[in-house]
Amino acid sequence: MSSSGLKFTFLMPLMVACLMAASASIFHNDFDITWGDGRGKIVNNREVLTLSLDKASGSGFQSKNEYLFGKIDMQLKLVPGNSAGTVTAYYLSSKGSTWDEIDFEFLGNLSGDPYILHTNVFSQGKGNREQQFYLWFDPTADFHTYSILWNPQRIIFSVDGTPIREFKNMESLGVPFPKNQPMRIYSSLWNADDWATRGGLVKTDWTQAPFTASYRNFNADACVWSNGASSCKSNTSPSSASTNRTWFSQEMDSAMQQRLQWVQKNYMIYNYCNDAKRFPQGLPPECNMS
């Protein structure tokens, strides 16, 4: 197959995701704007949420619900133009000193330079599992779907239906895996020009403010945690009375593996598992597994 044919095959999920009409989320039903003094807004008949950043403050929101496993989808349109120094974070996190966290972070850049999509997984308060990617499209021109599939066996990060990263449960190797702590969804837009763009060399241009990111079409097919109990039957199986939760036991099939390999070959720019200098005592144990 020609390279153009391969690219078409791998990008089919992207085109399908763009063509499918996702059910509109009424944002105030699912989220609270938690900081920003009016810089976070719910607009467009309550179907779009915007976060803004200026020199005085950024802004952020969090989900009303906590979740313990699920498939979480959100469409984002990132800050356009010169976004250097800004970070748009979209993640799941629990609380406490031994928290779990599953991260998407979008690191802004100068006009014409690509965004960097930064991913990380924390378990029991330990992270240092960064993988970074360029995207194969302009994430500021339109909305795109960023998804986290989290089940007891794996975490899959996807963009427009194309998997970009899989973090497997490797507790058998002594690697903690997020599976016991319910997490909320958080998002924020904030200034991080001390590190976000070229290690802090490029600073935020405040003449471009306010910077704005937009969100729509949130969907959570997930186990809601409330009053110490899950809406699913147990932590190991979804409720038979719930929707058909194929995500709960989903694995990476051969087509998904091919798309994952395509992304990692062509768009991955950093992988902690390849950074031997960072781990002089040896790479983390999950890095030694194929």
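A residue counts as buried under 20% relative accessible area, exposed over 50%, and partly exposed in between (1.4 Å probe, protein chains only). This is a predicted model, in which local features need pLDDT of at least 70, side-chain atom pairs count only at pLDDT 80 or more, and totals for chains, interfaces and linings use all residues. Residues are numbered from 1 along each chain as its sequence is written, and side-chain values use heavy atoms, with hydrogens and water left out.

A salt bridge here is a side-chain nitrogen of Lys or Arg within 4 Å of a carboxyl oxygen of Asp or Glu. Searching the whole structure turns up 8 salt bridges, including these:

| Pair | N to O distance |
|---|---|
| Lys-71 and Asp-73 | 2.7 Å |
| Glu-130 and Arg-278 | 2.7 Å |
| Glu-166 and Arg-154 | 2.7 Å |

Start with Glu-130 and its salt-bridge partner Arg-278. This pair links distant parts of the chain, 148 residues apart: Glu-130 is in the loop between β8 (116–122) and β9 (131–133), and Arg-278 is in the segment after β16 (268–271). Strands are DSSP runs (E, at least two residues), numbered from the N terminus. Glu-130 is buried at 13% relative accessible area, while Arg-278 is partly exposed at 29%.

Next come Glu-166 and Arg-154, joined by a salt bridge. Glu-166 sits in strand β12 (residues 162–168) and Arg-154 in strand β11 (residues 154–159), so their contact ties together parts 12 residues apart in sequence. Both Glu-166 and Arg-154 are buried.

Finally, in the Lys-71 and Asp-73 salt bridge, Lys-71 is partly exposed at 28% relative accessible area, and Asp-73 is buried at 14%.

Technical notes:
Helices (H or I, at least four residues) and strands (E, at least two) are DSSP runs, numbered from the N terminus.
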